[in-house]
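Please read this briefing with the sequence and the 3D structure side by side.

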Amino acid sequence: MDRLKILQIIFFIAAAVIIFRLFYWQFLAKNSFSSDAFLIESEIPPSRGEILANDGFPLVTNQESFLIYAKPHELEKNPQEIAQNLAPFLISEKFTTDSARLSDADKEQMKNEVEIKEKEIKNKLSDKNLFWVQLARKVTLETKKKVEEKKISGIGFVQDEKRFYPEASMAAQLLGFVAFDKVGRDTGYFGLEGFWDRNLRGKPGRLGQEQDPLGLPILVGQYRPVPAKQGSSLYLSVARDIQFMVEDKLRKAVEKYGAKDGTVIIADPKNGKILAMATIPTYDPALRGEFDESLYKNPAVADTFEPGSIFKPITMAAALDTKSVEPNTKCNVCSGPRQVAGFEISTWNKKYHPDSTMTEVIQNSDNVGMTFVAEKLGVKNFLSYVEKFGFGQKTGIDLQEESTGFLRPDEDWKQIDLFTASFGQGIAVTPIQLVQAISAIANHGLLVSPKVVEKVADGQGEEEIEPENQVQVISPETALQVTEMMVNAVEYGEARFVAPKDYRVAGKTGTAQIPIAGHYDPNKTIASFIGFAPADDPKFVMLVRFTQPSSSPFGSETAAPTFFEIAKELFIHFGIPPEK
Amino acid sequence: MLPVSDFKNRNKQEKKHTGGVKVKLMVVISAAATLLFFTQLVFANGLATDGQKIAQIEDEIQKLESENTILRVEISKKSSLVSLSKKALEDGFKKPSLVITP
């Protein structure tokens, strides 16, 4: 064998060895080799979409914040010392912000929290079996800098964005909040955050990238990052200036009337768009842990209550639409209290108005007069209209915690139930259902489902949100008749002293007793006022409701003045000149 | 018929000729391999530099995005109605008593 052949064989063997080795790396040892050593797979968290008011100002945006972790095996100081250094920064933001003004009780609470946190951190850091341990999430940039100044080896940070509320607690119950789910992912709860969670959260991306030993990307390698898709942003119909003004007036009114709580809803009756929705007391979503959980639900859509007299226009609308009565029909049972199935039905002030017309029945808020209307209307028609007006079902508003209210089953309705329901007792409705129903009267009988979000926008485009339901509930003529009755009620009824003289406002007061354990509490009421203006071309419909006002139990002395005070501001906002 | 000695000589010459071709082929292959090796080195060097540049650019993007987020938060904090109304009150602004509607 000559030397050339020997050389050929050597080349052949060397090539075979190289090919075999490459095969081994490529196929047999691929997983352990590539993923452990060079291929970096990590999730890229998406930014959550913003929530913006109708002027484009963010009511909710994102703030830079961080997850703090430790690698116990890399720690150089002892866990106790590190825990002592870190704990004061990782407790509730209530104590850690520079602007925090702490009372003595707060300082004591802070001391306890620091001690608990210190123990928690120490336990985590002492476990040397752990390669990586999470110490805190959503800590601010300010806190991150303070921790960095401590120069503790083995402590690191990862981006972990959190929500920021530029207007602080404004519209908190409408917005909802973001918290962790069972697996630690950001999830929206309540209000818009809850309802639109899927749109807001976006899609996480993935980074799959080969790196060289220095950690730099190898471009010819498997460089395949999947970018995170940012969550869609919500553009609301809520007007920030109206919301601000309403909250301010409502806060003062709740205090003035000594009410347990107060709620105001303002909507555009023509398209169901919510312009403002406020409840006092409220909470700060950035520090929600410091507030009672009962405040998280939005009472404007979640609370059910017996509406009382503000329900009378609905019954009257049904009776007028079915031609059961006319505006000038005279009540022949209105001369005194009425006895039905062992119950006495009387007026709120024990004053009676014999032969009053239907317009006067609404003006005087006459319960006995309403039993006359209900008798003419009948149970079947009453229930049919109540359902058409959207009671007993969700309105379809885009807020998570909406409830349906309560209507007893059709077969359970007796005459006494019909009579009491005709003036708003014995049925349970939500504030938003009432706004929707009265909006239909203001909108020529066309019922439109309310909506808070006008538009959903992501990087690719925008989607306009249209109301799902548009139902002609009553005829435009009936709507006009009820409107005139409500205008008359404002001008000549109980609220006439607080109503503005130069605008035509359609409205109705309500004072409902609160049912407790099978009877009504004689001292506790829900005072309310609902209406719209200007009556001939409404720009807004508004509900004001106070629970258990202590200065006066009546809607005409609490809710009505608040309604007109807000309405005066709205006239200026919309540039509505005086009509008279 | 050729004499035996001529046949042997011819065979040797042919072998000598064929061996020369093989050597030339190997030289060409070796040269090509060397050239490719150095070309790869040049490209790999370029890629390594590009990788470094990309890493730098990504760092820069992240830094700018982070600054944008901070600025956006600062702007919204300062222009919120809550802080504006507070400032207006501190500076002695009052609500207008007369309003002219169009």
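**Aromatic rings, charges and backbone**

Ring pairs join A:Phe177, A:Tyr189, A:Phe190, A:Tyr283, A:Phe291 and A:Tyr296 into a cluster. This is a predicted model, in which local features need pLDDT of at least 70 and side-chain atom pairs count only at pLDDT 80 or more, while totals for chains, interfaces and linings use all residues. Residues are numbered from 1 along each chain as its sequence is written, chains are lettered from A and ligands numbered from 1 in the order in which they are written, and side-chain values use heavy atoms, with hydrogens and water left out.

**Aromatic pairs**

- Rings of Phe, Tyr and Trp (its six-membered ring) pair if their centres lie within 6.5 Å, and planes under 30 degrees apart count as stacked, over 60 as edge-to-face and the rest as tilted.
- By this rule the count comes to 21 aromatic pairs over all chains.
- In the pair of A:Phe311 and A:Phe391 the ring centres are 5.2 Å apart and the planes stand at 65°, so the pair is edge-to-face.
- This pair links distant parts of the chain, 80 residues apart, with A:Phe311 in the loop between α11 (299-302) and α12 (312-321) of chain A and A:Phe391 in the loop between α15 and α16 of chain A; here helices (H or I, at least four residues) and strands (E, at least two) are DSSP runs, numbered from the N terminus.
- A:Phe311 is buried, with a relative accessible area of 0%, and A:Phe391 is buried as well, at 1%, where buried means under 20% relative accessible area, exposed over 50% and partly exposed in between (1.4 Å probe, protein chains only).

**Salt bridges**

- The structure holds 32 salt bridges over all chains, each being a side-chain nitrogen of Lys or Arg within 4 Å of a carboxyl oxygen of Asp or Glu.
- A:Lys270 and A:Asp537 meet through their side chains in a salt bridge (2.5 Å, N to O).
- A:Lys270 lies in the loop between β12 (261-267) and β13 (274-280) of chain A and A:Asp537 in the loop between β21 (519-533) and β22 (540-547) of chain A, so this pair ties together parts that are 267 residues apart in sequence.
- A:Lys144 and A:Glu148 also form a salt bridge (3.4 Å, N to O), and because they are 4 residues apart in helix α6 (residues 141-149) of chain A, about one helical turn separates them.
- A network of salt bridges links A:Arg48, A:Arg163, A:Glu193, A:Asp197 and A:Arg201.

**Backbone features**

- Most residues other than glycine have a negative phi, and most peptide bonds are trans.
- A:Phe190, although not a glycine, has a positive phi of about 65°; A:Phe190 is placed in the loop between β9 (186-189) and α8 (191-195) of chain A and is partly exposed, with a relative accessible area of 21%.
- A:Lys151 likewise has a positive phi, near 50°, and A:Lys151 is exposed, with a relative accessible area of 69%.
- The peptide bond from A:Ile280 to A:Pro281 is cis, with omega near 5°, and A:Pro281 lies in the loop between β13 and α11 of chain A.
- The peptide bond from A:Ala533 to A:Pro534 is also cis, with omega near -20°.
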